[in-house]
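This report describes a structure in terms of its domains, helix packing, sheet pairing and chain contact. The sequence and the model are shown first.

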Amino acid sequence: MKQVPQKDAPLKLNETGTWIREDVSYEVNEPDAYALEEALRQREKHKGEVVVITSGPARAQQVLREALAKGADRAIHLEDDKFVGLDAFNTAKAFAAAIKDEQFDLIFTGLQSDDYGYAQTGVILAELLGWPHATIIMQIEKTDTGIRVKRELEAGFFQFVDMPTPAVLTIQSGINKLRYATLIGIKQAKNKPLRKVPLAEVQSAIGENLQKIEKLYIPQKTKKTEHIEGAPGEIAKKLVDKLRNELRVL
Amino acid sequence: MPDTILVVVEQREGKLNRVSWETITAGQAIAAATGWTLEAAVVGSAPASIAAEVAGKKLAKVYAIESPKLEPYTPDAFAAALKQFLSSKQPKLVLMPHTYQVRDFVPKLATAMGRTVISDCIGFKHESGKLVFTRQMFQGKLAADVSFTSEAPWFATFQNGAFRGDKAEEGASAAPVETVSVDIADGVIRNKPQEVFKEAKQAVDLTQAEIIVAVGRGIKEQKNIEIAKQLADALGGDLAASRPICDSGWLPMDRQIGSSGQTVAPKLYLALGISGAIQHIVGMKGSRAIIAVNKDSEAPIFEIADYAIVGNLFDIIPPLIEEVKKAKAGG
């Protein structure tokens, strides 16, 4: 799971123009919330344990606390400011190193993040672990030989895929209905195990980034936008005038 | 020998995905800027006819990479086939469209080769000998210029609509086609895909709609959909939505606009409380006119809007419905 700036948070660039200033509000990356929910539902059906993992500075622990409150059993936090600047390849390498002694059957990630939007970390992790993967998943059923998943394709098409486990699945938003944390859950979360992994523990697994953000900036507008202002009644009148005389749709 | 750019076009079940022309246009533009050679490849069990179709464009060469194990598509087979091919050819840059299929295998392929993908790019720059790729970040609020710091081959994917497919230059004569058979060992393919299918018939076809009123998260509650419906009715248009609205079940999935829903280009697209995530924008940016209403003045939807109204949609829509009705009644 990943912590990302809140959807409507105003973003400011840092002094070097390579990243945003950290003083914004954060929330859980939305597709990751669906991935967690799906893990909890699978556990309710098949028993087992749900472990949540994130990387990032101390603030990212909030994502794990919320997940534990919703019902995850334990958490792993790769904690260091430097994890924010890793590319997807090295982030996946750090995760692979942190979980090398675990015995997971399934790893879920959200299909992409709301900040970078690379849609890569889950698939890279699968390759590093030598596991099969499937992306943009809308349904997961256990079978005698592994799992059957429903992949979303483009333009309203779908496909079922049978695959063995262990496997990595990237989960599409909307696969399920998200639950809220209960008061009891929030209370219990405080006593659930949270393992902190310092950078030093995975340092030997990660290398130089393979790609680099040279410059982050506010995109240049390519379109001329006319702002329509005034009281609601005035705006309505002005708009109808545009619809009739400029767009000719009335 | 100049460096080579390789465009891997996309085929599904023997048909070229049209978005591949956009990637060829992108490849031609990068080739013109850098002086690198441009080639293309198609991967499949019987790629010959698509290779011939692609060879009509201005390209130095087209490779038809074939193996019976490449049908049906699996990430294991595609990554194995391309790894074999790319390891022997060593192109500088590999370009693909940012489709769901490419997203499924290209991070695996790059990782297997110890390389990286700059994904979902919208453009490139070549300045003082350095090639950078432009991509959207933070749901389109910011843009980034990203460079490769690793060895070639470099992988980049382009967002749907980033380049114009109809601008792909024709060649003076057909490019030579070379068939390359790849060997995919038993046991490489672990996934067993079933037939591709469409969920219950698409009841609503928004692709032909002239006016679309679309709602996003800003509508807040299911019961508020009604006000958008009234506006759509008054305008004689169709109601649509961004993905979160359909995920919540407030409107059926067949009214969803965006990469996982329908792609539309109406005369008028009225976006109510839609922030403008990339996945939504790719489905509607071809609209002739876009009016956006959003309370957040920094919402990315305003970047592509012709008319912007920053404000509370619940204040603005009711009088708008009345004015539209008046205008229609008055003729």
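In chain B, the C-alpha centres of domain 1 and domain 2 lie 34 Å apart. Domain 1 of chain B covers 4-181 and domain 2 of chain B covers 206-330, with bounds from an automatic or database domain assignment. The model is predicted: local features need pLDDT of at least 70, side-chain atom pairs count only at pLDDT 80 or more, and totals for chains, interfaces and linings use all residues. Residues are numbered from 1 along each chain as its sequence is written, while chains are lettered from A and ligands numbered from 1 in the order in which they are written.

Seven residues of domain 1 of chain B are in contact with nine residues of domain 2 of chain B (contact: C-beta atoms, placed from the backbone, within 7 Å). The side of domain 1 of chain B that touches domain 2 of chain B has no nonpolar, six polar and one charged residues. Here Ala, Val, Leu, Ile, Met, Phe, Trp, Tyr, Cys and Pro count as nonpolar, Asp, Glu, Lys and Arg as charged, and the others, Gly among them, as polar.

Helices (H or I, at least four residues) and strands (E, at least two) are DSSP runs, numbered from the N terminus. Helix 5 (residues 225-235) and helix 8 (residues 313-330) of chain B pack at an angle of about 20°, with their axes 9 Å apart. Axes are lines fitted to C-alpha atoms, for helices over the stretch in contact, and angles run from 0 to 180 degrees between N-to-C directions. Helix 5 of chain B and helix 8 of chain B are therefore roughly parallel (angles under 35 degrees). Their contact has eight nonpolar, one polar and one charged residues.

Two strand pairings are set out below; strands pair if DSSP finds at least two bridges between them.

| Strands | Bridges | Direction |
|---|---|---|
| strand 4 (residues 74-79) of chain A and strand 10 of chain A | five bridges | parallel |
| strand 12 of chain A and strand 17 (residues 307-310) of chain B | two bridges | parallel |

In the pairing within chain A, A:Leu78 stands opposite A:Val197 in strand 10.

The contact between the chains takes 68 residues from chain A and 70 residues from chain B. Helix 7 of chain A gives the most to the side of chain A that touches chain B, with nine residues. The residues of that side divide into 36 nonpolar, 13 polar and 19 charged.

Terms used:
Two residues are in contact if their C-beta atoms, placed from the backbone, lie within 7 Å. Angles under 35 degrees count as roughly parallel, over 145 as roughly antiparallel, 65 to 115 as roughly perpendicular and the rest as oblique.
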